[in-house]
Amino acid sequence: MLCLELVLLGALLLGGDSAEAPQEHILFHIIQISSFANQSWTQHQGSGWLGDVQTHGWESESGTIIFLHAWSKGNFSDEEMIDLELLFRVYFLGLTRETQEYASQLHFGYPFEVQVRAGCELHSSDIAESFLQAAYEGSHFLSFQNMSWVPAPEGDSRAQSVCDLMNQYEGIKETVHRLLTSTCPRFALGLFDAARVDYERQVRPQVWLSAHPSPGPGRLLLVCHVSGFYPKPVWVMWMRGEQEQWATQQGDVLPHADGTWYLRVTLDVVAREAAGLSCRVRHSSLGNQDIILYWGHHLSAYLILLAVAVPLLLLIVLALWFKKRCSYQDIP
């Protein structure tokens with residue numbers, strides 16, 4: 001039956017055992033939208049959410065779970081996630097088959113959509129609240145409450161008929177109750193703990209300066225590079241003393257393969273006015289100690305390097321010249 005397939009969706013993602021009571025408010029839920037265009041075309045979309053943060057997606061074509069974060073597996077093993085992925089495939093195949101078979105009997109006229117939301121909410125008061133709600137064409141159709149399927153107040157006779165049928169299966173109701181009240185809290189808590197470790201990670205940025213010619217005579221485009229920082233929020237500004245330079249232009253914050261971030265911040269200035277400017281970086285990993293790089297010091301370092309390199313290069317050239325000259329004089 002269609003309702004049985006809807007129940008299974010809650011079971012597939014919420015695998016695991018019981019959880020210890022959390023010390024913080026945690027909400028985990030899954031959302032499914034299934035579109036039935038006709039007897040031969042169906043599309044399923046699925047997502048998992050920890051609060052307002054999406055944690056999972058579903059790739060319908062390949063039948064695979066999409067892990068949107070490094071911590072999206074929570075405390076599940078790879079083997080458990082592989083089993084869940086396989087169950088999801090079976091679920092969506094079964095949902096399509098059952099819906100096509102019973103759509104006419106239940107008077108579901110094509111095209112139509114079915115939406116499901118299931119999950120649990122954990123509180124610091126050691127109370128876990130669970131829920132599973134199904135909707136038809138955007139209207140509340142039925143829910144699972146106190147070990148029973150209950151038609152929505154605004155539902156029609158179809159909702160009542162489906163609930164009457166589903167309530168005959170005590171084993172299904174016991175399984176759903178266990179998944180929502182025991183398994184879901186365990187998964188939600190493991191996911192929250194894994195996410196918190198990732199969110200609390202702090203990586204200090206690396207900062208360096210460069211300059212490029214800017215359109216217009218006698219102008220420079222100063223560039224402040226901020227790389228390898230985590231988490232993403234960062235404040236970067238070109239400064240003159242304690243005065244922010246409002247002409248500062250910030251690029252997009254771009255990801256690195258290791259999960260850290262990169263930012264490029266520029267300032268277009270008259271070349272002779274570049275001295276005395278600095279780039280200031282504030283980030284949570286730095287505490288109250290901002291990183292400040294001064295363009296004048298940056299330039300001085302290059303001048304020092306140039307002052308050392310040029311004489312050294314001249315000495316090498318002179319040595320080669322004398323060596324070559326002496327070799328000519330030795331020729332009879």
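Which two cysteines, with sulfur atoms 2.0 Å apart, form a disulfide with each other in this structure? C224 and C279 do.

## The model

This is a predicted model: local features need pLDDT of at least 70, side-chain atom pairs count only at pLDDT 80 or more, and totals for chains, interfaces and linings use all residues. Residues are numbered from 1 along each chain as its sequence is written, and side-chain values use heavy atoms, leaving out hydrogens and water.

The protein chain has five helices and 17 strands (DSSP runs numbered from the N terminus: helices are H or I with at least four residues, strands are E with at least two). Of its 332 residues, 41% are buried (under 20% relative accessible area, with a 1.4 Å probe and protein chains only).

## Two disulfides

The structure holds two disulfides (pairs of cysteine sulfur atoms within 2.5 Å). In C224–C279, the S-S torsion is about -80 degrees, so this disulfide is left-handed. C224 sits in strand β10 and C279 in strand β16, so the bond ties together parts 55 residues apart in sequence. Both cysteines are buried.

C120 lies in strand β5 and C184 in helix α4, so parts 64 residues apart in sequence are tied together. C120 has a relative accessible area of 0%.

Strands of a sheet pair through backbone hydrogen bonds.

β11 and β16 pair over six bridges. M239 has S278 in β16 as its bridge partner.

Methods: Buried means under 20% relative accessible area, exposed over 50%, partly exposed in between (1.4 Å probe, protein chains only). Two strands pair if DSSP finds at least two bridges between them.
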